[in-house]
Structures are given as structure tokens and as C-alpha cells.
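Student: I have a model open and would like to talk through how its chains meet. Could you take me through it step by step?

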Amino acid sequence: MSAQSPELGPAPQELVERALAAAQSGECIAIADEGSSANLRWAGNSLTTNGVSRSRQLTIIAISRRDGEARVGVVSRAGVHAGQVPDLVAEAEHAATEATPAEDTQPLITPSDILSGDAGKWDDSPGATQIGVFAGFAESLGHAFATAASAGRKLYGFAEHQLTSTYLGTSTGLRLRHDQPTGRLELNAKSADMTRSAWTGTGTKNFADVDVAGLEADLGQRLGWAERSIELPAGRYETLLPPTALADLMIYMYWSAGAKDALDGRTVFSKPGGGTRIGDQLASLPLSLRSDPAASGLECAPFVIAHASSRDSSVFDNGLPKASTDWIANGVLTALTQTRHTAKLSGHPVTPSIDNLMLTAPGATGSTADLVKRTSRGLLLTCLWYIREVDPQTLLLTGLTRDGVYLVENGEVTGAVNNFRFNESPVGMLSRITEVGGTVPALPREWADYFTRAAMPPVRVDGFNMSSVSQAS
Amino acid sequence: MQTTGRIDPEFTAYPLRGLADAALQRAAQLGASHADFRAERIRGQQIGLSDGNLETQFDSDDLGLAVRVVVDGTWGFASAVDLTAEAAAHAAAEAVDVARVASAMNTEPIELADEPAHGEVTWVSAYEIDPFEVGVADKIALLANWSGTLLRADGVDHVDASLYQVKECKFYTDGATTALQQRVRVHPSVTAVSVGADGRFETMRTLAPPAGRGYEYLTGTGWDFGAELAEIPDLLAAKLGAPSVQAGRYDLVIDPSNLFLTIHESIGHATELDRALGYEAAYAGTSFATFDKLGKLQYGSPIMHVTGDRTAEHGLATIGYDDEGVLGQSWDLIAGGVLTGYQLDRRIARLTGLGRSNGCAFADSPGHMPIQRMANVSLQPAAGGPSTEQLIAGVTDGIYIVGDKSWSIDMQRYNFQFTGQRFFRIKNGQLSGQLRDVAYQATTTDFWNSMEAVGGPQTYVLGGAFNCGKGQPGQVAPVSHGCPAVFMRGIRILNTVEEAGA
């Protein structure tokens, strides 16, 4: 990990320029992604695996236009050298000749479409992370291992830091660059006999802000709560969802909020008889669900990066600026995720998906602990697991509670309860949120491989559906 | 079937042995007690059509090398994207560095179970037509044709059609075994959607499983897409008009197209010994089938016989040699309903004294270290056993479940819930129309101990999935599960609309 690479790869800017220069027919988009990652994994107060890796990927999107139609070919290859670029472009152009016309055809974005976008520092070398990002953190983790061991606890977990520098160039003259750091820590503590378990996690840009000792102490407190165990049956319970649990549910709802499928009548956001449910009151409280590429601490790409078209993304939108977007405002559905193509179909503004998500209520303050103090009887969850869609009509999701369900009585945690399988719709649940705390950064445990940038409050939900008991501990 | 495939000449044109020599020599010089080398090229292609229009076309091509070492009893791993001798030697040095840093925090010396030296071997999966040799235009035309067939039918409002295809080329050596391998897989899928006037909608997806086959799978070998597509509009219309199920306990006949996924979740993952020992405790989870229960746990009824294998023809987890040079094998996991085996890699086999590894070490890319991954885990049919019709004939009041859809299971593999593509009411041994809004929920051992009949070989189908996730950093693996139709007594059925209602 200390050794230098024997051979620096070609500069990503050069790959992009070579690709655009090699394009023989029609329009071309080139996306060069330079990635690096470092990770640590541990179990039972001992490091188990670790690794460092680099990746280099060049994606060529060739577009051939004729008679108002456009045909698209996409080829993406790892580890490309400068000399291989013309072949890759030729492959993409050949794929375009074999394609049928693209339904999402739009003009490419041009520099004049970008009024105030941050173009990034195009000429600068790509960033890279390395194992050293964990320097201070690893020391703290070592101390936490010792603390846990002396208290009869075992720590498990994973820390990962990734940095991807993306260079996007188009034959219409765009040159955009975005650096995305993504970091997360997941920390799990178990009792020596493995019967009690508690979890916490956090997203981070650089691990400098991670308080390992504080997190470990919190887990110790939770294992303490679990020394008294209480068996409860399935049923509907007043339930306190901490920010991480709410994040997982809201993210799945956000992923299900594509305008195309809603227009096609096949999602929970479809209006019976046609159109979408934009304008419907979803939450009884004046909740706001929004994304913002500039959100402090949760910064993400301020323009569209689309390696391929799909139901909810369009290669033609590459470079399209992203702005702060309210998906729900004052409890009312205000926007679905759109490409320029679906925006035309739906008659709504172009609101591309953004890689962060925040839920807030005006004036709401207070932590999960404050909600506990105001609870006469209810369940406090730690996090959710194995969340899957059961019925798209209602967006019914199923999944498990994991690593700590606690009974709250008269404002205090009085013991740990068995795990449950839940069946709940995040959309239906919005109308049963009766109290909201202050919004804080939250790592979504279930979706952290795909989505780490969220800020959520703890919430109180009336009648959360615990469908059956799980024996898992 | 003997394959006609030959290993991708663009892959074999790389100086694979020279790269390996550079890596293994450097590792040995630096003090590694074990070193292995992989070079891989993994090509993928996705094509997706929406209502007959091309929506997605994406070709990917991943290439790289990996070096894994054991130094002073600690793993070290590093990878590189450039297939050069310098990069290979550098990766070896980096892997040794990683091992030395990690050893300070490692309390479990790494030792590997012995494996016979297999020498220089070549293995290619069974397929006829390399899907990468077929033009994109032909594939789009075929998917558009399938889409058009459905879109023209009454009651079909939307059609999604997709094809995923993968070709893996892999070179592995640890000095004792040098394996050059290639395998191909395809997953064609079509979903029809019907939207009712009241806004209620239903979908119906093809049951054709992903398969370790070539493009011939789309044109009549191994599956009859024409026949399946012809049935979908009527099945979909009947589903949209079906009554909602009444929640309660029912006897079930479960089709292999649904049961394969229940096997995957409740047996496949539960019999991974790394999980049972706690190595995945903080993420994928552990297993109720802990090591102390080997040879004792009554997993299911005595008619339950489950095998693990790397050898089933067209299986998605089938391969000649794993990423530790272990020859593909077939073995019992559950016999007479009792837990009798686990899935192993060389470290876990040695650690637990179970002898030789059964070949379950895989990495999903050259950038990842091998972890224990699932074999084809299959429920064996009963010789001379009943047909699906005969199983249904024995049910007085029940439900016949076909096709997989939603799935979820807890972190110790106890409590699961599944839905399906379609659900037929069984009354007095006869099918009596479809039901809607059905999910079944059970605890693993209760479920398998309620299995009262296993269908015959004529009901056996090899199902599977491309997207089994495990590990941190996350890895994705393809796996197949064969099974017959089965009869299960008294399983809890939920109504999913009631579950969603406040």
C-alpha cells in the first residue's frame, strides 16, 4: 500500500479528448471515471480483511442522427490505454448503427445550457484515496477494540473510502469534471455469547469527523438495554424510527419515484385513470423531502452523469445541471424524478434524480432520545434489513428489524424485544408519522452500498405493521 | 453436451503465464508462504426495450489481474488494471505489504486445506453460440418481436423486455494448478403489464430462468419462449380479474420456478460455513444452522435431499476449478432431512477439520479478493415421484404457486416471506382460477419439515439468478438451484393489500 504504481495510466482528460477526436460519425459523449478505494473489515475485535484498489473506466456513447431520429451505441471498458481509444469509439459507433431509434432522443447539452454550473477543475489530475485515509481512524478503532474487549463486547464492522473523479466531455463542447468522495463506517457490537447485538453507522467524506469512541460507547449502552429481554407478539405498534431506518424507507420510495413508470400507470405514484399523483397530499404533517447537490456535508454531482439510458436516466442529458429539488413539500407530492424526455411526456419540470436525500419538518428539533422521553409505550428500532418490494401498487415493502428493538415505557427504554418482520409502505406510512425530530446526517444501513448521503429525523409512526416475529438475534 | 466454444483469443493473447510468473516470483522473494494469481476478462451486455422501443444498450468489458498471498499467516490482496509484468509484480509486492500491515491486527493464522495438483487444465462451459458473436441488431429485433407479440394482445398495456449476457475468461495459477477457463450465461426476460380502469395494475413475467447457456437459449434450445409468451396475456388478464386471497393457512404446491429462490435464501445461504461461523455477522448475517448442529439438525422432513455442486450442466455456479484451484465437485448438504454438509473454501475447510474444500471460493472481478460463494444448491427429486398434476390432485384446499417475485429473509435465515408471479386456487384436487395479493411466510425449519411430497424428475427445473450479493466490499455472483415441484402442508398465507392497509 505504500508502493507507488509502476505505471501511471493515461490522463483521463486525454482519453476523453482522444475519443472525441476519433469520433467519425455524428455526436459523441466520453466519460472517463478514475476510481480508488480503501477498506478495512473486522470481526470479533480483530481485523479480518483489507484492501486497496484502483479502477479506470472509459465509456463511449456514440449517437448517430438521421431524419430527426437518433441511434445510440454505448461501450464501456476498464483499463483502456490511449492507443485503444479509437477502437473503442469505432465499437460504439458500430453499436449505434445496429441500434433502433432511441425513444429519449434530445439535443445534447451545450456549454450555453450551463448558466452557473460548476465545471470542476478540468485540467487537474484525478484525486485518489489510499489506506492512509484511515490513519487516525484506525488508531481510534484499535482503542475501541480494547475498550470493547475489556467490557466483554465484540466489535464487527466495515470502513470504506472511495473517491471517483469523473470527466465528461461531449462533441458539443462540454468539459465537466466531478470528484465524489464516499465514505462510511458501520460498527456492530455483540455480547460475548452473541445473543445481544447493536449497530450504528455514519457516512463521512474523509473519516476525520468520525467519533469512534462515542459510537462504541453508544453501542455499549444499547447492549446494556438488552440485558432485559421481553417477548412481544406480532402486531401494529407505535414505533420510533431512528434516522437510519427512516432513510432506508425514504430512499426506496425515492428510487420508485420515476416519472415514466408513474405515467405508465404502474407505480404507487400513478393516478388512476392516467397521469401522476403530483399534487396529492401524502403526509399529514408538513414534511419536506428534497435533494440538493450543494447540501452541506452531502455534496454530490451537480450535473447529470449517465453511462447508459434506462427507465429513469438518459444519456442525452449528460451534463444537464441539477438544482435543489423538492420531491415533497408541506406533505404534498411536488415532483418525480425526470429526464428531459419524461418531462416532456408529463408536462412537469425537468427534475433529474440527485444523489442525496433529506427529510425535514419545519421547526422540528430533538433527538431520538427526546422522542423516547415523550413515549408512554412504543417500540424503538435500531435499523432495518433485507428490505424488498412486495407490491408496487401500494409500494408495500417487507424487511426485518435488526440489531436492537427496544420497548419504551413511560419515557424510558425498559428492555430489548425480539426482532420482527415488517410489512409497511413508506408512502402509506407518511400519513401515520405523528411526530418528527431534528434532521441529522444518517447512514442508510440497507442501501449503503448504493446510497450513503442522507439526512433524516427520528420519527414517531402510528401503527407500524410488525407482521411476524423473527427468531434472529 | 460438449461445447463448441473456444477461449476468447483476445484474452489468451495476453502473456498470462509470464504475468503469473512475475507475480508469483516476486511474492516468493518477499516471503509469501502462499501466492496465487488471477487474470480475468469479463464482458457484459445489457439490452432493454420498453414497449418495443430500445431503452438501454450497454456493453462493458472489465480486465485486470489479482494477486493473493499469505505472509506470516495473514492474507494480503492487491489488484491491477494493466496486464503487464511490471503491474503483476507490483501487485504482488503490494499484496505482501498489505499482509504485513494487517498481521498486527490479525489473530487467526491463515492455513489452507490441501488440494491435489491438477496441472495445466482448460475448461469451457456448455454452450453452442457465444452471445457476443451475435449482432446487437439481431438481439434488439428478437426482443422487439417478443414485445410486439404481447403488445398486440388484449389487455397488455406495457411490455419490458431485456437481455443480460456475460462471458467470463479466467486464468488462475497457484503453481500446482494452472486453469484457463471460460463460461457464458444469458438472462432473457419479458414482463407484461396490465392497468385496469380503476388504476389497479398487475404484471406477469416470463419464468425462463437465467442459464449457463449461449444465444441458442433464446432461439429454442432449453426453453420455448414462443409458447411461454403465447400464454402470458390470458394469464395476466385472469390475474387482474382474480379475487384477493383470504389470509390463513393453506396447503401449497410450489412450482420449481418459485421454490428455487426459497431454496437459495433458506438453504443456500444458511449452509455457507463462513456465515455459520460468524464471519459475515455484521453484514450478510449468520446462520441458524450452526456448526455444532452438523449431523444433528432436522432441517426438513425425511424426504428432503439437498446437494451442492459446481458440476450441473448449464448451472450458473458451475465451473471447472474455483478461485483457489479446487476441482468442481458435488456433495450432500442435507440427507434424509438432516444437515450433513456445508459449502467450504480452503481456509474454512482447514479451520473446521472437514478435509478438502468443496470449491466455493470466488471473486466477482479481478478487483476483488475471493470469498466463500454459493454453489448450485439443489433439492433432489424423488425417483418415480409424482407429477405436478398428481401433487395438485392430492390437495383438497390449497394454492399452487408459480414463478418468483419478492423475497426477504432475516439475518439468521429463520423468517422468510416470498411472493410469486401467479397463484392458483386448488379445490378438491383441481385448479380453480387465480388469486391476487398472495405472500407466504414461514420459519425455515418449520417450512421444510412441512414438506410431505417431492415431485419426480419430470418436474425438475434448474432455476437461478445473476445477482446474489455478499461480502464487504459487496460482490455479486450467479447461482442456479434445481428442484422439483413440492407439496407443503399448512403454510401461512398473507394478503398483501391487508398488510399495506392501516
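Tutor: Gladly! Let's begin with a term: buried area is the accessible area, taken with a 1.4 Å probe, that two parts lose on being put together, summed over both. Keep in mind that this is a predicted model.

Student: How much area do chain A and chain B bury between them?

Tutor: The sum covers both parts, so each chain's loss is included. Of the area buried between chain A and chain B, 49% is on carbon and sulfur atoms. The total comes to about 6900 Å².

Student: How many residues does each chain bring to the contact?

Tutor: Both chains take part, and chain B brings 79 residues. From chain A, the contact takes 84 residues.

Student: How many salt bridges are there between chain A and chain B?

Tutor: A salt bridge needs a side-chain nitrogen of Lys or Arg within 4 Å of a carboxyl oxygen of Asp or Glu. Asp160(B) and Arg311(A) meet in this way, at 3.0 Å from N to O. Across chain A and chain B, the count is seven salt bridges.

Student: Which element of chain A gives the most to the side that touches chain B?

Tutor: By class, that side of chain A has 25 nonpolar, 35 polar and 24 charged residues. The top contribution is nine residues, and it comes from strand S2 (residues 46-66) of chain A.

Student: Which residue of S2(B) is the bridge partner of Val75(A)?

Tutor: Strand S3 (residues 69-78) of chain A pairs with strand S2 (residues 53-71) of chain B, in the parallel sense and over three bridges. In S2(B), the partner of Val75(A) is Asp59(B).

Student: Now some backbone details. Is Asn410(A) buried or exposed?

Tutor: Asn410(A) sits in the loop between strand S14 (396-409) and strand S15 (412-417) of chain A, and its phi is positive, near 50°. The cut-off for exposed is over 50% relative accessible area. Because Asn410(A) has 68% relative accessibility, it counts as exposed.

Student: And is His314(B) buried or exposed?

Tutor: His314(B) also has a positive phi, near 70°, and lies in the loop between strand S9 (306-309) and strand S10 (330-335) of chain B. Buried means under 20% relative accessible area. With a relative accessible area of 11%, His314(B) is therefore buried.

Student: Last one: is the peptide bond from Gln472(B) to Pro473(B) cis or trans?

Tutor: Pro473(B) is in the loop between strand S20 (461-470) and strand S21 (475-483) of chain B. Omega for the bond from Gln472(B) to Pro473(B) is near 0°, and the bond is cis.

Key
Residues numbered from 1 in each chain as written. Chains lettered and ligands numbered in written order. Predicted model: local features only at pLDDT ≥ 70, side-chain atom pairs only at ≥ 80, totals over all residues. Heavy atoms only, no water. Contact = heavy atoms within 4.5 Å. Helix = DSSP H or I, 4+ residues; strand = E, 2+ residues; numbered from the N terminus. Nonpolar A, V, L, I, M, F, W, Y, C, P; charged D, E, K, R; others polar. Pairing = 2+ DSSP bridges. Buried < 20%, exposed > 50% of the residue type's maximum accessible area, 1.4 Å probe, protein only.
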